[in-house]
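Me: I have a protein model open and would like to learn how to read some of its features. Could you take me through them one at a time?

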Amino acid sequence: MRVAIVAGPNDGCWLSELAEDGTGHGPVVRHDDGPAAVVAYERSGGVRWVWAAAAGVYPALLRAGVRVERCHDIALTEALLLAREGRPGEPASLAGAWARLRGAAAPGPAFGGGRPAARPGQDALFDPADPDFPDPGAALDAVIGVHAGQQRRIAADEHPGRFALLVAAESAGGLIAAEMGFDGLPWRADVHDELLTELLGPRPVSGMRPAKVADLAARISGALGRPVNPDSPAQVLRALAANGVRVPSTRSGVLRGVDHPAAPLLLEYKELARLHAAHGWAWLDEWVAGGRFRAEYVVGGVVSGRWATRGGGALQIPRVLRRAVVADPGHVLVVADAAQLEPRVLAALAGDRALAAAAGTGDLYEALAGAFGGDRGQAKIALLSAMYGGAGGEAGQLLAVLRRRFPLASQYVEAAARAGEEGRVVRSRLGRTCPPPSDAWRGLTAVADDPDAEEAQAGRSLRARGRFTRNFVVQASAADWAIVLLAALRRRLTAISVPNETNPHSAAPAAARPGGAAQEAGAPGGAAQEAGVPGDAAQEAGLSGGAAQEAGLSGDAALAARLVFFQHDEVIVHCPEGMAGAVADAIRSAAAEAGQLVFGPTPVRFPVTTAVVASYADAK
């Protein structure tokens with residue numbers, strides 16, 4: 001059952017039940033207590049909420065103690081569809097989609113993820129009325145109409161089952177992003193402060209450098225024989241030149257090759273100043289509260305499908321600060337990352353039997369080393385060069401070996417590169433589509449370079465786009481695998497968590513439902529079969545709804561295993577100590593099933609390493 005929902009005044013909501021394909025809907029029903037209405041539907045089982053954007057709606061439900069099982073996120077879905085249709089720059093918001101559906105002018109650009117998640121201290125249940133839809137009835141009409149149009153566009157895809165799975169998984173990602181922002185990553189502010197003090201010195205007055213950073217600045221000036229502001233590249237370059245050292249920039253890679261006493265001081269200064277600016281005391285004050293770092297995740301924030309964040313730098317936590325990520329008493333962190341994910345994805349995509357057989361082992365690079373005289377390092381260089389387009393020097397020689405031994409894998413990425421150079425688009429396994437080339441690129445590459453010109457701009461631009469599309473097919477397919485993994489893992493974690501019956505908004509247990517993963521995810525019935533996955537295997541993937549219902553959908557995390565961090569190919573689950581083994585098993589099982597759902601039958605394995613630790617720093 002699909003149910004469209006929009007927020008009404010005073011914590012109420014407007015609902016309407018929808019046909020699965022969006023072709024019809026039931027009567028509009030108004031409820032004064034939105035969370036209670038949602039819980040009532042969740043108790044009945046089998047509901048998928050259709051809403052404008054999880055980022056705008058779901059945080060309010062989480063604050064009310066309500067978690068939902070599934071949704072169709074209009075904004076995230078529209079972003080996928082617009083990219084497929086060659087219009088990635090158009091607004092993916094409900095207002096933008098509704099305007100396009102009616103042939104009207106779309107509003108100004110808005111990011112497809114919806115409104116930013118609520119920060120601590122925001123107590124209003126639902127946000128004020130959407131300025132684009134001040135009337136809830138008009139907003140509900142838009143949700144119903146846009147959803148129906150999206151269902152038609154999904155069904156018209158070249159591989160509708162795969163694309164429907166992508167839409168369902170991306171929508172689940174919207175739920176997960178909101179939940180991770182609500183639950184937060186455990187973070188010890190006192191440990192963070194101690195680390196900063198140890199590295200930088202005592203907390204300085206606002207606007208001043210910490211003591212150790214200020215000391216380094218003074219030593220840099222002394223080494224260069226003149227007053228220099230280390231934060232000014234121009235001043236540093238002039239001072240180095242005055243000392244007989246001419247370098248093109250003050251980048252760390254350049255400074256490491258400079259033989260001058262100021263160089264190591266500048267490198268140390270850069271590292272500490274960056275820590276102070278990006279994750280210093282000001283960051284701690286803004287982003288950590290109540291023992292939690294609550295990031296604002298942006299699902300599909302990168303064109304390849306990788307996630308991004310709005311502020312906070314959640315995806316760039318310095319290794320030294322991982323010591324501040326500490327589990328609550330009686331809890332542990334289960335840290336997992338996928339080993340050599342992108343090379344394995346290439347093996348699965350290409351169907352190269354020799355490479356797939358190697359990827360069916362533990363260490364892929366070690367398995368390939370025999371083709372390179374037993375040198376694992378050379379095997380790694382060759383495979384990464386194939387994916388990222390490196391062809392100079394040693395990489396070119398090693399790539400030639402790779403082409404001979406694994407021709408189908410080489411042909412796969414080279415075909416993607418040619419498509420890019422010809423101005424075409426490429427797609428991931430599930431159908432995520434890369435942006436088309438810009439008009440400027442087409443103009444620049446329309447005419448061949450003058451052979452007498454000093455700079456071959458057209459050729460360089462062609463090769464750059466070829467490298468982009470070569471990598472896109474692999475990286476975006478890896479993102480497909482990761483988002484399906486997250487959806488499967490979320491269901492498994494709900495199933496092994498202990499329900500909390502004390503929450504008045506907690507959904508009561510309900511009977512399990514039959515059905516494969518693709519159907520539970522909202523894909524057409526043949527989606528699993530189209531992907532080459534038998535229905536029972538899909539159901540075991542953890543995407544079915546029954547397990548989640550049996551566990552209940554409580555908003556209380558005290559007795560639950562919660563996803564609290566995700567970055568490309570790494571996840572962290574915070575759970576009671578006694579659940580750690582079950583969580584590790586759930587992660588491994590979800591990874592295996594994600595491989596089957598995304599790539600179909602393949603000998604390629606997608607192993608994940610797990611570590612059960614009290615502190616994130618102890619995981620690696």
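This is a predicted model: local features need pLDDT of at least 70, side-chain atom pairs count only at pLDDT 80 or more; totals for chains, interfaces and linings use all residues.

Me: How many residues does helix α7 have, and what span does it reach?

Reply: Helices (H or I, at least four residues) and strands (E, at least two) are DSSP runs, numbered from the N terminus. The expected span of a helix is 1.5 Å times one less than its number of residues. Helix α7, residues 189-200, has 12 residues and reaches 16 Å from its first C-alpha to its last, close to the 16 Å expected. After α7 comes glycine 201, whose phi is positive, near 100°.

Me: Which residues of α7 are buried?

Reply: Buried means under 20% relative accessible area, exposed over 50%, and partly exposed in between, with a 1.4 Å probe and protein chains only. In α7 the buried residues are Val191, His192, Leu195, Leu196 and Leu200. They cover an arc of only 140° around the axis (taken from the directions from the helix axis to the C-beta atoms), which puts them on the same side of α7. An α-helix has 3.6 residues a turn, so residues three or four places apart point the same way. The cover over the buried residues of α7 includes α8, α11 and α12.

Me: What is the nearest side chain of opposite charge to arginine 48?

Reply: Lys and Arg count as positive and Asp and Glu as negative, with His and the chain ends not counted. A salt bridge is a side-chain nitrogen of Lys or Arg within 4 Å of a carboxyl oxygen of Asp or Glu. Arginine 48, in strand β4, is buried yet has no salt bridge, and the nearest side chain of opposite charge, glutamate 20, is 5.2 Å away.

Me: Is phenylalanine 472 buried or exposed?

Reply: Phenylalanine 472, found in helix α20, is buried, with a relative accessible area of 2%.

Me: Where are aspartate 11 and glutamine 340?

Reply: Most residues other than glycine have a negative phi. Aspartate 11, in the loop between β1 and β2, has a positive phi near 70°, and glutamine 340, in the loop between β11 and α13, has a positive phi near 50°.

Definitions and conventions. Residues are numbered from 1 along each chain as its sequence is written. Side-chain values use heavy atoms; hydrogens and water are left out. Contact means heavy atoms within 4.5 Å.
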